[in-house]
Structures are given as C-alpha cells and as structure tokens.
Amino acid sequence: MHDFMSQQTKSEVLIQLRRQYRRAGREYKRQLLTQAQTLLGYHRKAAIRALRHKPKPPAVPALMLGRPREYHPGTLLPILKPIWFAAFQPCGSRLVALLPEWWPAYETDHRHLDADGRARLLAISARTLDRLLAPLRVSLRRRGGTKPGSLLRQRIPIRGEWTEEGPGWMELDTVALCGGTLDDRHLWMLDAVDIRTDWTEQRALENRGQHCTLTQLRDLEESLPFALLGVDSDNGGEFINHHVVAWTGQRAKPILFTRSRAYHKNDNAHVEQRNWTHVRQQFGYERYDNPPVAPRINALCKGALGQLQNHFLPTHKLEKQVRQNGRTTRVYGAAQTPLTRVLAAAQVLEEKKTELKLLHARLNPFQLHRDIERQKKEIEAHRRFQA
C-alpha cells in the first residue's frame with residue numbers, strides 16, 4: 001500500500017501511529033509495528049525507531065554572554081555615512097584615525113551631537129566600524145593598460161627594496177583613461193606616491209608623449225612640499241626616454257632614476273595601489289578623449305582632491321614582517337595622514353611646514369568633498385571629444 005501513498009499521507013499516518021504507540025501496551029505495540037510495516041513499507045527495526053521518535057522541543061534562544069551591544073547601526077550609520085563617503089570609503093582603522101579631525105567639520109556641516117554621543121563615537125573600535133559599514137561596501141573591477149618600453153633600459157638601474165629614509169623617494173606610473181579602447185587618442189593619468197610619507201600627486205596627460213610627460217613631471221616636482229630625491233617607474237616609453245633621463249640627471253643634485261623589472265607589476269606596489277584608490281575610484285573606467293578637459297582635471301588634482309587626500313585621509317605604513325611557523329605576519333603602524341608624516345620629517349624645511357599648517361587650518365574636508373563632486377560633474381560634461 002505504501003507505494004501508492006504520497007509523502008504527505010505517509011507523514012500523517014506516521015504521526016497517528018506514534019501517538020497511539022506512546023499510550024499502547026506491549027501487545028498493542030506489536031500490532032502498531034506490524035501496521036507500520038504494512039502501510040509504510042518499513043523494516044521491523046526501522047518501524048521501531050520511527051514510532052519511538054520524539055519530536056524536538058522548540059528552540060530556546062541561546063543565552064547571550066558578554067557585554068551587551070553598545071553600538072546600533074540605526075543610530076550610528078546616519079552619522080558615519082557622510083564622513084565615510086566624503087573620505088572615499090576608508091577601512092575601519094583609517095576611519096578611527098580620521099574621526100577626531102573630521103568631527104569639528106561634521107558638526108559644522110551637518111548637526112551637533114551631545115557630549116555623550118560624541119564620546120561614544122570617538123571611542124568606537126576599528127573592528128566595530130568595519131562591521132557597521134560592511135553592508136555599504138562595494139567592489140569594482142580593475143583594468144590595466146601599461147606596455148613596457150625598451151629605450152635606455154640598460155642605462156637605468158633596477159630598483160630593489162626601498163632602503164632610503166625620509167621623504168622625496170617616489171614611485172611613478174600612468175593609468176589609461178581609455179574606456180576600454182587603447183588607441184592613443186585618449187588621456188592618461190600620471191600617478192605618483194612618496195614611499196615614506198604617502199604624499200600623492202596626480203596629473204592628467206593629453207598623451208604619453210615625452211614632452212607632455214616631462215611637462216607634468218616638472219609641475220609635479222614644484223608642488224611637492226619636499227625635495228624630489230629619486231623616482232622609480234615601470235618600463236613604459238613615457239618614462240624610459242632621453243628627456244626624462246636628462247631631467248633627472250642634468251642638475252646640481254641629480255635625481256636617482258630607477259625602474260622596476262619588466263612584467264613584475266608588484267615592484268611598483270605602492271603606486272599600483274594608488275592607481276585604484278586615487279585614480280579609478282575618482283575617474284572610473286570611462287573614456288576621456290577631449291584634450292581641453294586635461295587642465296580641468298589638473299586643477300582638481302592640485303586643488304580640492306589633492307588637499308583632501310594628503311591632508312585628511314590617513315593611510316597605513318608597514319613597519320615590519322614577522323616570520324613564524326611558516327607564516328608571515330605584517331605589522332602596520334598607526335594610521336596617519338600624509339601631512340602628519342611630512343610635518344614629522346626632519347628633512348622638510350620649517351618654512352614649508354608652517355605654510356602647510358596654515359593651509360590645513362583653512363580647509364574643511366566636507367567643503368573639499370563638495371568642491372570635488374562639483375568639479376567632477378563639470379569634467380564629466382566635457383570628457384568626450386565633440387567632432
């Protein structure tokens with residue numbers, strides 16, 4: 001009979017048999033087992049297990065150990081979101097480092113909180129911030145566009161590990177603003193980062209020609225708050241050429257010019273990371289092929305965007321690597337802004353430090369973020385060439 005029963009019918013019959021089996025005597029239990037064999041097709045032992053089965057009691061909520069939750073997303077996220085987005089979505093440890101400096105600007109631009117709420121927010125841990133902001137995080141794919149060059153390659157030494165101390169040692173790279181089509185009729189971004197302070201500079205290039213690249217390298221050097229001592233680039237022809245070699249070497253104190261190994265992108269890991277955080281996250285993967293838009297991009301990079309990144313966005317620096325039991329653990333120092341590291345560097349002139357402090361006192365990170373968004377909209381309206 002069991003071959004013609006639906007599963008639902010079998011379950012209903014089994015429930016009735018179990019109910020009778022619990023109250024039955026010894027002889028009647030034998031009859032119920034026989035019925036279970038006949039109706040449901042069970043083996044004798046399987047029938048005994050099925051009829052003896054007791055339903056599980058309803059689940060009881062587990063006892064919550066430890067301290068009660070102090071931070072509730074519904075209360076904190078409305079406060080954290082404008083700061084997090086204006087700071088270009090930093091990780092929890094960097095957000096902890098920037099909160100004390102951003103807080104006065106937040107109260108000026110948004111709303112004032114009581115002393116207790118301010119103290120609780122400033123005491124929150126990096127891990128808690130990461131958990132609160134996890135639903136807001138998004139990931140974007142990366143795309144490359146650098147081809148190696150060969151001119152003068154043998155005359156330029158390969159960079160090994162960075163052993164130089166103090167600011168002035170920078171990695172260089174270019175990023176294609178091509179929209180997926182590399183045809184040399186689009187703009188490029190020159191990206192540079194100082195190894196010791198994380199001070200960054202970006203410049204738009206109308207093309208990767210030697211003259212255009214050198215013009216922006218000179219402008220980049222003039223904008224630095226410290227002396228440029230050395231540059232390290234990939235093997236692209238925009239860097240490996242006679243113009244750049246002469247610019248680095250023909251001066252009273254030459255700039256050390258080194259290059260990475262061909263096809264070893266991680267040799268320029270510092271600037272490759274900024275290609276994503278400082279170029280792609282700001283300008284995306286769209287195509288920029290209108291040359292007159294390059295001055296607009298450079299005004300943004302030298303102005304509001306550069307000031308926000310260097311004055312208000314902390315970064316981590318690797319202090320050491322510990323090898324133990326076959327595993328390598330990286331130990332990072334406290335998150336600091338590039339400006340803080342520049343002000344702490346003995347190699348930077350006191351006049352320049354005073355100038356930077358005065359500029360920093362006049363800046364508001366939320367106003368800088370508004371200026372960035374406004375200028376990016378203007379750039380977006382002019383990025384494509386109109387025939």
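Which residues have the most contacts inside the largest nonpolar core? They are Ile83, Leu95, Trp102, Met189, Phe283, Ile297 and Leu308, in a core of 45 residues. A nonpolar core here is a set of buried Ala, Val, Leu, Ile, Met, Phe, Trp, Tyr and Cys residues joined through side-chain atoms within 4.5 Å. Buried means under 20% relative accessible area, exposed over 50%, and partly exposed in between, with a 1.4 Å probe and protein chains only.

A second, separate core has 29 residues, including Trp188, Leu214, Leu228 and Trp247.

Before going further, please keep in mind that this is a predicted model: local features need pLDDT of at least 70, side-chain atom pairs count only at pLDDT 80 or more, and totals for chains, interfaces and linings use all residues. Residues are numbered from 1 along each chain as its sequence is written, and side-chain values use heavy atoms, with hydrogens and water left out.

**The chain as a whole**

You will find 15 helices and 7 strands in the chain; these are DSSP runs numbered from the N terminus, helices being H or I of at least four residues and strands E of at least two. The radius of gyration, taken over C-alpha atoms, is 32 Å, well over the 21 Å that the globule rule gives for 387 residues, so the chain is more spread out than a compact globule. That rule is 2.2 Å times the number of residues to the power 0.38. Along the principal axes, the C-alpha atoms fill a box of roughly 110 × 55 × 55 Å.

Of the 387 residues, 44% count as buried. Among contacts (heavy atoms within 4.5 Å) between residues at least 6 apart in sequence, 70% join residues at least 24 apart.

**Around Met189**

Leaving aside neighbours within four places, its contacts include Asp173, Val175, Leu177, Arg203, Val279, Phe283, Ile297 and Cys301.

Most residues other than glycine have a negative phi. Gln89 and Asn325 have positive values, and the table puts them side by side.

| Residue | Phi | Loop between | Relative accessible area |
|---|---|---|---|
| Asn325 | about 55° | strand 6 (318-324) and strand 7 (327-332) | 76% |
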